[in-house]
Amino acid sequence: MNATLPEHHELDAAFRGLVAEYYPGKTVEFRVEWSDRMTRSAGLCYYRKGVIRLSLKYHRVFPQEILNTLKHELIHAAGVLGHGRRFRSEARRLGCDVKARPMPGRPYKWVYACPACGLEVKTRRRVDYSCGQCSRRWNPRYRLLLKGPAARAAANL
Ligand SMILES: [Zn+2]
Ligand SMILES: [Zn+2]
């Protein structure tokens with residue numbers, strides 16, 4: 001697979017270790033797999049399938065986050081759906097994050113807005129566009145105004 005990332009059986013073993021440590025006596029039987037298709041999430045818990053998938057794309061960049069992601073998905077696997085109060089208190093107990101880092105890749109850098117309708121457009125480079133919602137052709141009245149740098153959204157967990 002990848003020299004720097006653990007194999008599936010090592011992920012399974014790490015997961016079983018976490019179950020024993022944080023949910024002793026509870027049956028939490030999930031398989032842990034890598035996914036090379038997951039590009040918006042660091043990890044996902046398929047609760048009904050009994051499968052946890054970890055994003056290769058994310059963890060190739062943040063291999064130090066594997067344990068963090070596994071703990072997060074374990075909380076879901078143990079029956080806490082969503083990220084409400086109960087999840088946050090479990091996250092504190094297990095020592096993991098509620099939100100992941102931004103997904104690696106080429107992010108949008110800039111946010112523009114139409115002065116007339118307020119439509120926001122995100123771009124990777126500086127552009128000179130007019131709003132397509134207000135006018136189909138270039139129209140300086142609807143020239144998009146630069147609002148500032150785009151905030152990067154966290155990956156899902
Ligand atoms: Zn507009
Ligand atoms: Zn989650």
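Helix axes are lines fitted to C-alpha atoms over the stretch in contact, and angles run from 0 to 180 degrees between N-to-C directions. On that basis, the axes of helix H3 (residues 66-77) and helix H4 (residues 85-94) come within 10 Å and cross at roughly 135°. H3 and H4 are therefore oblique to each other (under 35 degrees counts as roughly parallel, over 145 as roughly antiparallel, 65 to 115 as roughly perpendicular and the rest as oblique). At this contact, Lys71, His72 and Ile75 of H3 meet Phe87, Glu90, Ala91 and Leu94 of H4, contact being C-beta atoms, placed from the backbone, within 7 Å. Sorted by class, these are four nonpolar, one polar and two charged residues (Ala, Val, Leu, Ile, Met, Phe, Trp, Tyr, Cys and Pro count as nonpolar, Asp, Glu, Lys and Arg as charged, and the others, Gly among them, as polar).

The model is predicted, with local features needing pLDDT of at least 70 and side-chain atom pairs pLDDT 80 or more, while totals for chains, interfaces and linings use all residues. Residues are numbered from 1 along each chain as its sequence is written, and chains are lettered from A and ligands numbered from 1 in the order in which they are written.

Turning to the whole chain, four helices and six strands are present (DSSP runs of H or I, at least four residues, and of E, at least two, numbered from the N terminus). Their order along the sequence is α-β-β-β-α-α-α-β-β-β. The radius of gyration, taken over C-alpha atoms, is 21 Å, well over the 15 Å that the globule rule gives for 157 residues, so the chain is more spread out than a compact globule; the rule is 2.2 Å times the number of residues to the power 0.38.

Key. Contact = placed C-beta atoms within 7 Å.
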